[in-house]
Amino acid sequence: MTADADIPLLEVRDVVKRYHLPRESLFAPAPVVEALRGVSFTVRSGRSLGIVGESGSGKSTLARLVMALEAPTEGSVHLLGRDLNALSPAELIAARRDFQMVFQDPYGSLDPRQRVARIVTEPLIGVPEGEARQRVAEALDAVGLRASDADKYPHEFSGGQRQRIAIARALITRPKLIVADEPVSALDVSVQAQVLNLLADLQEHLGVTYLFISHDLAVVDHVCDEVAVMQAGRIVEYGPTEQVLHRPAHAYTRALLAAVPDAPSARVDPAHPIRTNPLPQE
Amino acid sequence: MDAWVAAARADRNLRGRGHNVCVSSPSMLEPLLDVRDLRVTLNTARGPAEALRGIDLQLARGATLGLIGESGCGKSMTAMAVMGLLPSGARVSGSIRLNGQELVGLPDDAMCALRGNRIGIVFQEPMTALNPLHTIGAQIAEPLRLHKGMTRSAARAEALRLLERVQLPNAAQRLDAYPHQLSGGQRQRVTIAIALACGPDLLIADEPTTALDVTIQREILDLIHTLVDETGMALLMISHDLSVMARMVARLLVMYGGTVVESGPTGEVFEHLTHPYTRGLFAARPRLGAPRVEGRKPRLATIAGRVPELADMPHGCPFADRCAWVVEACRAAPPPPVDVGTAHAARCIRVGEIA
């Protein structure tokens with residue numbers, strides 16, 4: 001992070017993604033849907049960019065392109081200055097340790113028949129077994145789980161703990177970028193607070209960069225330094241969070257904000273704070 | 001106070017007829033829905049466990065009531081008990097009276113005559129609530145034919161009227177559409193049309209907007225709001241979302257561990273958060289526009305520990321193991337409701353010291 005401070009960690013340039021729909025007629029070309037229509041942004045190391053927008057705006061397509069799970073139709077995705085789609089398959093596999101993903105549903109994203117240790121080590125390729133075990137313990141510790149949890153199955157955990165396992169799986173390769181697609185949407189308010197605090201701690205201690213996709217503007221406001229608002233495959237507004245969410249320029253951003261009722265102020269007496277749940281440090 | 005509480009208050013004043021009855025002092029008039037000491041015991045892998053531990057709630061005709069809480073607190077279980085849709089093997093005690101009729105122990109066929117007729121239901125996920133193999137016209141017509149004995153053509157005409165009522169665009173063409181041809185918000189409009197079909201006395205809405213986009217969410221909430229106002233049906237709304245409650249209901253019950261820990265007029269509860277759990281729930285919520293310190297947001301307050309499993313629920317206050325205020329007496333017996341304001345009560349023995 002020292003030498004390449006000037007190179008953005010992630011740079012997405014003029015990305016267009018078109019999908020062909022099933023042919024409707026024998027005599028007409030297959031209809032094409034343009035999921036992304038020229039999207040550009042950069043994320044600097046250790047920062048968080050939030051992507052907001054409604055279903056169908058292209059948020060998740062963007063996540064798949066950044067994760068190099070699909071190639072853009074036009075444009076390019078650069079991670080640490082390297083064009084992900086120009087890499088050979090072997091180079092791409094090696095590069096994948098730098099970017100990992102956390103999914104929305106902590107019930108669907110963990111294999112119920114694998115123990116936590118196996119789930120969490122899956123992204124580690126070519127690491128000796130002894131070191132892998134050490135890394136599992138580290139990753140579980142970083143997300144506030146016990147090393148002994150490695151031998152358990154996902155069903156033995158609550159939703160918030162499962163999301164911690166998913167985050168541990170993303171952390172185990174010591175990635176620079178974590179793409180989080182609605183990571184707290186499936187969680188209850190009090191559990192959501194724990195996971196958001198964890199994400200903030202990891203950023204502070206490990207310098208992780210987040211591409212944070214969410215429809216919840218209050219969550220994005222809490223987590224992200226910058227925000228890109230997407231509508232119909234385009235970024236319609238992009239800038240520092242405070243500016244975009246508090247002085248929105250685009251009508252669509254204003255419409256999104258208008259749909260969020262003002263949040264209730266938390267009236268907690270400082271003399272008698274709610275007992276908080278500190279996460280294990282280190 | 002902030003705009004949000006003001007809105008809840010204005011809203012309450014606006015709908016003047018929403019005279020909700022206080023949980024601790026029942027009114028002379030018989031409420032539409034009167035639930036007393038409702039207890040539900042479920043068979044879990046670890047033996048029988050009490051999922052509802054003595055719920056009391058009253059809902060007057062045309063009034064609105066919200067149940068709020070996190071997963072496993074019993075809010076949906078309460079609604080399911082009212083609808084007679086508890087899982088098999090569930091044991092129910094206490095009383096649920098709708099229009100004076102006792103629903104606990106009611107035979108299945110009698111319950112079927114009420115459900116979809118006197119009680120309309122809107123669920124969270126409109127795709128699974130609708131049958132993918134039937135047209136939406138047929139699905140709206142079903143309760144009309146079943147409960148009202150309408151002819152096929154009369155039911156179809158009424159279905160069209162209902163679709164127009166829930167503002168589905170191109171309603172006439174959509175009558176023969178299948179659920180997959182509609183968007184999420186449009187599907188939810190269809191389930192609302194089905195719930196409204198027989199002109200119910202009570203609409204139960206269980207997380208009706210959780211699966212929808214924010215702008216669609218608002219449209220659906222506004223629609224339910226308007227329909228409740230126009231038809232005079234009562235609304236029992238279930239949600240984990242405080243902001244949804246602020247907009248929709250005049251009275252709020254906060255649930256935790258199968259009990260109602262706090263109840264009161266919505267604005268009053270928001271203004272004077274009383275029970276430690278209610279306070280924790282509010283404090284844990286990220287807020288749009290909360291100030292930053294050195295470019296970063298302060299950590300969110302969290303509630304220590306996690307919701308205990310049903311079989312492990314403490315004998316006394318269910319929140320005891322997670323509460324910063326806990327004393328020995330909290331664990332001795334379930335705390336009684338303590339009045340803390342006008343029709344505002346909290347089940348906490350230390351409420352005087354906290355508030």
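Two strands count as paired when DSSP finds at least two bridges between them. In this predicted model, strand E1 (residues 10-20) and strand E4 (residues 74-79) of chain A are joined by five bridges and run antiparallel.

**Sheet in chain A**
- The sheet is open and has four strands in the order E2-E1-E4-E5, with antiparallel pairing.
- Its edges are strand E2 (32-43) and strand E5 (82-83) of chain A, each of which pairs on one side only.
- Helix H1 (residues 59-66) of chain A packs on this sheet and touches E1, E2 and E4 of chain A. The direction of H1 makes about 115° with that of E1(A).

**Helix H2 of chain B**
- Helix H2 (residues 75-83) of chain B is largely enclosed by the rest of the structure, because eight of its nine residues are buried.
- The buried residues of H2(B) include B:Lys75, B:Ser76 and B:Thr78, along with B:Met77, B:Ala79, B:Ala81, B:Val82 and B:Met83.

**Largest nonpolar core**
- This core has 171 residues. The residues with the most contacts inside it are A:Ala168 and A:Leu211, together with B:Ala193, B:Leu202, B:Ile204 and B:Ala234.
- Helix H6 (residues 189-206) of chain A gives the most to the core, contributing seven residues.
- Leaving aside residues up to four places away in sequence, B:Ala234 touches several residues, among them B:Leu32, B:Leu33, B:Leu59, B:Asp201 and B:Leu202.

How values were computed. Residues numbered from 1 in each chain as written. Chains lettered and ligands numbered in written order. Predicted model: local features only at pLDDT ≥ 70, side-chain atom pairs only at ≥ 80, totals over all residues. Buried ≥ 20, exposed ≤ 12 C-beta atoms within 10 Å, placed from the backbone. Helix = DSSP H or I, 4+ residues; strand = E, 2+ residues; numbered from the N terminus. Contact = placed C-beta atoms within 7 Å. Axes fitted to C-alpha atoms, helices over the stretch in contact; angles between N-to-C directions. Core = buried A, V, L, I, M, F, W, Y, C linked by C-beta atoms within 7 Å.
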